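Thanks for coming, everyone. Please take a look at the model on the screen, and then I'll walk you through a few parts of it.

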Amino acid sequence: MGKLEQDFADYRTRMNERILAEDNRVVKRIYSVDSLAYGEDGVLPKETKELLGLVASLVLRCDDCVKYHLVEARKAGNERKAIVEAMSIGLVVGGTIVIPHLRRAVEFLDDLESGA
């Protein structure tokens, strides 16, 4: 696991536990819906769902979401070429304002692939 990936995973785990400890029904339901949407194959395979999530995250300019979907897209079996192609769609849809997020996404993807 690369350093960027480890830092992100640690932070995400710590803060998700903290948020869920608030015991708020709405928060728990949103977390549950997110897990249901991406967690398993449906008509669309998880591999495709993660690429869709990645595109949406780039367009919405959510760096945490981009990182999450990069990790999950790789786990689901997507190769770099598919991920980069999906990110190119996000760039087209989102426009040039997405470029800074694309830079950070490529840096994070490099870290995922380095495993160092």
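First, a term: buried means under 20% relative accessible area, exposed means over 50%, and partly exposed is in between, with a 1.4 Å probe and protein chains only. Next, the ground rules. This is a predicted model, where local features need pLDDT of at least 70, side-chain atom pairs count only at pLDDT 80 or more, and totals for chains, interfaces and linings use all residues. Residues are numbered from 1 along each chain as its sequence is written, and side-chain values use heavy atoms, leaving out hydrogens and water.

Now, salt bridges. That means a side-chain nitrogen of Lys or Arg within 4 Å of a carboxyl oxygen of Asp or Glu. The count is 10.

Which residue does Asp 110 meet in a salt bridge? Arg 80, at 2.9 Å, N to O. Asp 110 sits in helix α6 and Arg 80 in helix α5, so the pair ties together parts 30 residues apart in sequence. Helices here are DSSP runs (H or I, at least four residues), numbered from the N terminus. Arg 80 is partly exposed, at 29% relative accessible area. Asp 110 is partly exposed too, at 39%.

Glu 50 bridges to Lys 46, with the closest N and O atoms 2.8 Å apart. Glu 50 is buried, at 0%. Lys 46 counts as buried at 19%.

Last stop: α6 itself. This helix covers residues 99–114. Its buried residues include Leu 102, Phe 108 and Leu 112. Just after α6, Gly 115 takes a positive phi of about 65°.

Methods:
Helices (H or I, at least four residues) and strands (E, at least two) are DSSP runs, numbered from the N terminus. The expected span of a helix is 1.5 Å times one less than its number of residues.
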